[in-house]
Amino acid sequence: MCERLATLGISVNLVTYLENTMHLPSAQSANIVTNFLGTSFILSLFGGFLADTFLGRYLTIAIFASIQTLGVGVLTISTALPQFRPDPCVPNEQCEEADGLQLFVLYLSLYLTALGTGGLKSSVSGFGSDQFDENDDKERRQMDYFFNRFFFCISLGSLLAVTVLVYIQDNVGRPWGYGICAVCMLTAILIFLERTRTYRFKKATGSPLTQILQVAVASWRNRRLKLPADVGQLYDGNKASLSHNRVPHTDQFRWLDRAAIIESSMEESSYPSRWRLCTLSTVEEVKIIIRMLPIWATTIMFWTIYAQMVTFSVEQASHMNRNMGSFQIPAASLTVFFVSAILVTIALYDRIIMPLARGWTGHQQGFTTLHKIGLGLALSCLAMVAAALTEKKRLQEARAHGLLDKPNSSVPMTVFYLVPQFFLVGTGEAFIYTGQLDFFIRESPPGMKTMSTGLFLSTLALGFFLSSLLVSIVNHVTTRSSHPGWLSNNLYRGRLDKFYWLVAIMSLVNFIIYLIFAKWYTYKDTVMAKHLNFQESEKPDEKGDQTSKQIIH
């Protein structure tokens, strides 16, 4: 909860700080936020590698949580000391942008926080699951409750971040808001360390990335060898020690099977290293990951849309009427509708959505993981359409009231027009987040669970980086010396609505591609069931053959 409180407490309101206090351009401010979030998630792969190969999950959590706390502490100090931010704007004069030293301290604090967040995210859920024995029915049921409570705590941290923390940052002061995050993280670390003696620990077993590289290298080295017609001639280690649920052989990506070819010159007692010869089971596990990649790639677009909710949508809110009587809603607090949509959808899923979906799909859980992901992608596309229509109306109101050249003014249009886009993306995240997490964990091979979580988190990272790239390209292409670009610093002179339409079209194309790959994909359980059914059908024939042989003899 404290990690989410700190990360979201910084990111959701950071764009207003960069523009209003650091005096940075709109597009640059949006990119700083998305690059910060993207780095936080992409570093989860690095944290997962360290946890699996060297440190173990416990030490990874302790070390990277401390790094995150240090980063938030530096950010708190940088917002408190005046020498780390430019002077306030003087009326009728151009604002002074932050200088090199001020930006260095800002980036140092953000990327220390991102490094700590990435390492922490990679291990915290896995370490929690390590506390339960999956072979014990009672503890396996308790694990389900753990993940429900874990996601509830994450959502609670998000809710506190977009309400309480944002209000403190805007009305009490940034140092207080960020300082609370640092204290919260420090408290969480002390509690975590104090309970050390009660934890169950699992040793680091090695990174699955090494396994993937070994299959790739071995198949390349054996590329000139001919594949045998009989799969049984491929190397599969000690078959007698393999469990009954080993991954069955598939005909897809047959070129990878070369990694399991046994050369005639090899002696069984002295097989070469795994960089030359891999077991067939290892090859099939790598094939599973490859089959998952198209689904992985088509989910990135959702998080690009998500990025707009914490950047340009917050900017939209800051230029609209946010008054509720004498109280003014902080612009970043509009994301409360985003978080509320997540909580409402999760609360209604078991009682209402799942029973209705069960009758439609025939699936016991209502929606399959691919159904959930598809729903999330569809809702995010609708969110961009709603955002574009709302922005078009906001620009019309600005023209009608002569505000086009008053960039700091607000249109007399209630900020609640933005609720649909926040609500649609929030509802979409409730589906796609649980769908992605379930898909990557269930479909990945048993030995690659940590890496599958990293794959999931990498879609968030790449979505944010794609947003940064898209903003930079659009800003470069549409900006002319005589005409401001779509993403102008003056939102009244820009065309944010056209940018939203562009993202909506990209999202629609991505959704169609996703449907194609989702139709193509076969679940791992389905492949296993077909394999077992085939084995069962072969048994009578084997018995018949044995009987005929006995008669002949």
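**Close-up views of salt bridges**

**View 1. D170 is partly exposed, with a relative accessible area of 37%.** Partly exposed lies between buried, under 20%, and exposed, over 50% (1.4 Å probe, protein chains only). The side chain of D170 forms a salt bridge with that of R174, at 4.0 Å from N to O. A salt bridge here is a side-chain nitrogen of Lys or Arg within 4 Å of a carboxyl oxygen of Asp or Glu. R174 is buried, at 12% relative accessibility. The model is predicted: local features need pLDDT of at least 70, side-chain atom pairs count only at pLDDT 80 or more, and totals for chains, interfaces and linings use all residues. Residues are numbered from 1 along each chain as its sequence is written, and side-chain values use heavy atoms, without hydrogens and water.

**View 2. A salt bridge joins the side chains of K121 and E3, at 3.3 Å from N to O.** K121 belongs to helix α4 (residues 100-130) and E3 to helix α1 (residues 2-11), so the pair links distant parts of the chain, 118 residues apart (helices are DSSP runs of H or I, at least four residues, and strands runs of E, at least two, numbered from the N terminus). K121 is buried, with a relative accessible area of 12%. E3 is also buried, at 14%.

**View 3. The side chains of R493 and D405 meet in a salt bridge of 3.1 Å, N to O.** R493 sits in the loop between α14 (449-478) and α15 (496-520), while D405 sits in the loop between α12 (369-400) and β4 (411-414), 88 residues apart. R493 is partly exposed, at 37%. D405 is exposed, at 58%.

View 4. The salt bridge count for the model is nine.
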